[in-house]
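Subject: Structure handover: chain contacts and cavities

Hello,

My notes on the chain contacts and the cavities follow it.

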Amino acid sequence: MDFFLSLLVKGLTLGCIYALVALGFVLIYKATSVINFAVGEMMMLAGFLITAFVGLYGLPLAAAIGLSLLLMVLFGFVLERGVLRPMIGRPVIGMIMATLGLGIFLRGFAPVMWGVDKKNLDLMLPAQPLRLESIVVPPVDLAGVGITLFLLACFAYFFQRTRSGIAVRAVADDQQAAMAMGIRVSTVFALSWALAGITAVAGGVVWGNKIGVDQYLSLLGLRVFPVVILGGLDSIAGTIIGGLVVGASENIFGGYFDKYVGGGLKDFVPYVLMLLVLMVRPYGLFGREVIERV
Amino acid sequence: MVAAPERPLLQVNNIEVVYNGVVLVLRGVSLQVPQGGIVALLGANGAGKSTTLKAISGLLRPERGEVTKGSIEFMGERIDEKDAADIVRLGIVQVMEGRRVFEHLTTEENLIAGAHIRRDGQIRRDLEMVYHYFPQLKARRNVKAGYLSGGEQQMLAIGRALMSRPKLMLLDEPSLGLAPQLVAEIFDIVVRLNQEEKVTMLLVEQNAMMALQIAGYGYVMEDGRIVLDGDPEKLLNNEDIKEFYLGLSAVGQRKSYREVKHYKRRKRWLS
Ligand SMILES: Nc1ncnc2c1ncn2[C@@H]1O[C@H](COP(=O)(O)OP(=O)(O)O)[C@@H](O)[C@H]1O
Ligand SMILES: [Mg+2]
């Protein structure tokens with residue numbers, strides 16, 4: 001039982017910080033219907049920026065993170081204006097390919113710029129893990145959970161309660177009708193990419209601290225893809241639920257059965273789960289249903 | 001009595017509209033909407049009514065349509081080159097055909113989205129104003145708009161447009177698919193908004209009878225042109241109108257219309 005509980009808790013915390021990455025997909029998909037395949041790479045870029053500011057330029061950590069936030073927001077704006085806006089009105093697949101291309105570019109660019117060696121992103125958290133009986137939670141995971149929940153709450157507030165957030169959802173529903181209300185679609189898109197930039201920094205901080213910063217950080221994008229599909233591509237609540245389900249199940253399955261199959265269940269279970277859910281709910285657990293009135 | 005020559009609120013001068021760079025849909029449309037009036041734009045399905053409204057509101061662009069000739073002036077300012085977002089800010093709002101509410105937003109969120117351009121602090125008050133005209137919407141304020149009835153959605157579409165505090169509202173077939181009693185209710189409110197809120201209306205309808213009852217002036221379109229215009233009395237007494245628009249049920253209108261149309265009659269309209 002203790003073993004199970006510790007696997008569960010570890011899985012849930014992991015799931016939470018999966019959700020942090022998954023947000024990068026959802027923010028973009030919600031407004032633009034584009035699957036942003038550069039999520040992992042944007043996170044990697046943020047991680048590189050932070051470590052570079054600290055390591056190469058000797059900035060204090062907080063300043064490095066602040067500066068990276070600014071740069072990633074800017075990156076989101078520039079990307080939208082320079083690369084994606086010219087594609088508005090064309091088939092969405094073009095933009096999706098563009099994000100793929102961007103990802104490949106960043107994966108090549110970052111190591112050339114800052115080196116291939118793994119860099120530490122030290123958050124200077126206490127080394128002492130949080131213990132509760134047999135359950136051990138490292139501080140970094142705890143910080144990750146905190147940051148995730150905080151961001152989720154911020155975005156939930158933004159989309160539900162602010163006029164800009166409502167405008168983003170309006171664009172997601174019906175672009176032309178939104179234009180008819182005076183909403184500038186391109187501004188909404190740019191805003192979404194800027195928000196994705198912010199989550200990339202948060203993800204870069206947490207995951208960079210957990211596994212170090214190098215080009216492999218970008219692989220997390222693919223890794224959390226089942227989370228996004230499971231939760232629903234356009235649901236913020238879905239990312240956290242999807243994250244928790246995936247994190248807990250891969251950890252539990254891995255913990256019990258990896259020894260029989262020689263490992264690797266962690267990578268396999270999420271995709272099986274994803275397929276199972278898709279069979280029952282094609283829009284994911286919390287994806288936007290297609291409303292059909294009778 | 002000689003009326004002072006007053007500039008109309010909206011003036012459409014001989015515009016042509018092309019879709020996809022090749023399909024010529026409007027072939028020289030001119031019309032005027034006086035300040036404070038209700039003007040009806042009538043015509044069969046496919047005549048180019050919606051295209052005319054979208055040309056005015058700037059909504060052609062996302063459909064790859066373009067005004068290639070002529071000009072559109074609103075309060076003396078040319079707007080045919082402007083973005084939809086800027087045109088809304090000048091005071092023109094379009095209620096699109098088919099209602100087009102934001103289905104996954106609640107009724108109230110739809111109204112808030114309608115107030116997107118507003119920078120004054122009066123949005124709360126105007127929500128109440130909309131609920132005053134459409135009490136049903138207040139009862140349904142927290143329901144997702146996709147689950148509203150057709151009539152409620154049409155009310156929401158009009159209420160949402162009202163939230164931008166427009167000077168001119170372009171209404172595209174508000175009666176489409178609604179029961180007669182609801183249509184009467186909606187037309188009633190259109191008149192009240194015109195009188196009480198001073199919103200000028202350009203009303204597109206296939207339901208010519210209803211539209212001409214509330215309009216001060218009417219235009220009839222066919223194949224991308226205005227073929228007839230005048231006071232409601234004149235239009236109501238016009239033989240072709242009587243035959244083609246008023247005597248027929250909404251269903252099958254176009255078919256019957258085509259059947260009886262012949263060259264001579266066209267000529268009479270054009271003369
Ligand atoms: N987006 C579009 N692209 C190409 N052709 C269009 C488009 N929208 C409308 N049309 C064509 O323009 C003509 C007029 O359409 P429309 O303005 O919708 O007429 P109405 O509103 O009077 O029914 C029709 O022949 C229609 O097929
Ligand atoms: Mg139409």
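A cavity here is a set of grid points where a 1.4 Å probe fits but cannot get out, and its lining residues have an atom within 4 Å of a point. Please keep in mind that this is a predicted model.

Cavities

By this rule there are 3 cavities of 30 Å³ or more.

The largest cavity holds about 60 Å³ of space. Its lining consists of L20(A), V21(A), G24(A), N36(A), V39(A), M42(A), M43(A), A196(A), T199(A) and A200(A). Three helices of chain A, namely α1 (2-32), α2 (39-55) and α8 (185-211), each give at least two residues to that lining. Sorted by class, the lining has 7 nonpolar and 3 polar residues, with no charged residues.

The second largest cavity has a volume of about 40 Å³. Residues of both chains line this one: A180(A) and M181(A) from chain A, with Q94(B), V95(B), M96(B), R99(B), A157(B), R160(B) and A161(B) from chain B. On the chain B side, β6 and α6 each contribute at least two lining residues, and α6(B) has the largest share, at 3 residues. The classes are 6 nonpolar, 1 polar and 2 charged.

Chain B against chain A

How many residues of each chain are in contact with the other? The count is 38 residues of chain B and 21 residues of chain A. Together the two chains bury about 2,700 Å², with 55% of that area on carbon and sulfur atoms. Of the area that chain B buries against chain A, 24% comes from F102(B), H104(B) and H116(B), more than from any other three residues.

The side of chain B that touches chain A takes two or more residues from each of α2 (84-90), β6 (92-95), α3 (107-114) and α6 (150-162) of chain B. The largest share, 5 residues, is from α2(B). By class, this side of chain B is made up of 17 nonpolar, 8 polar and 13 charged residues.

Two elements of chain B link the sections above: β6 and α6 give residues to the lining of the second largest cavity and also to the side that touches chain A.

Regards

Technical notes:
Residues numbered from 1 in each chain as written. Chains lettered and ligands numbered in written order. Predicted model: local features only at pLDDT ≥ 70, side-chain atom pairs only at ≥ 80, totals over all residues. Heavy atoms only, no water. Contact = heavy atoms within 4.5 Å. Buried area = accessible area lost by both parts, 1.4 Å probe. Helix = DSSP H or I, 4+ residues; strand = E, 2+ residues; numbered from the N terminus. Nonpolar A, V, L, I, M, F, W, Y, C, P; charged D, E, K, R; others polar. 1 Å grid on protein atoms, 1.4 Å probe; cavity = no way out; pocket = protein on both sides within 12 Å on 5 of 7 lines; lining within 4 Å. Points joined across faces, edges and corners; volume = space filled by probe spheres on them.
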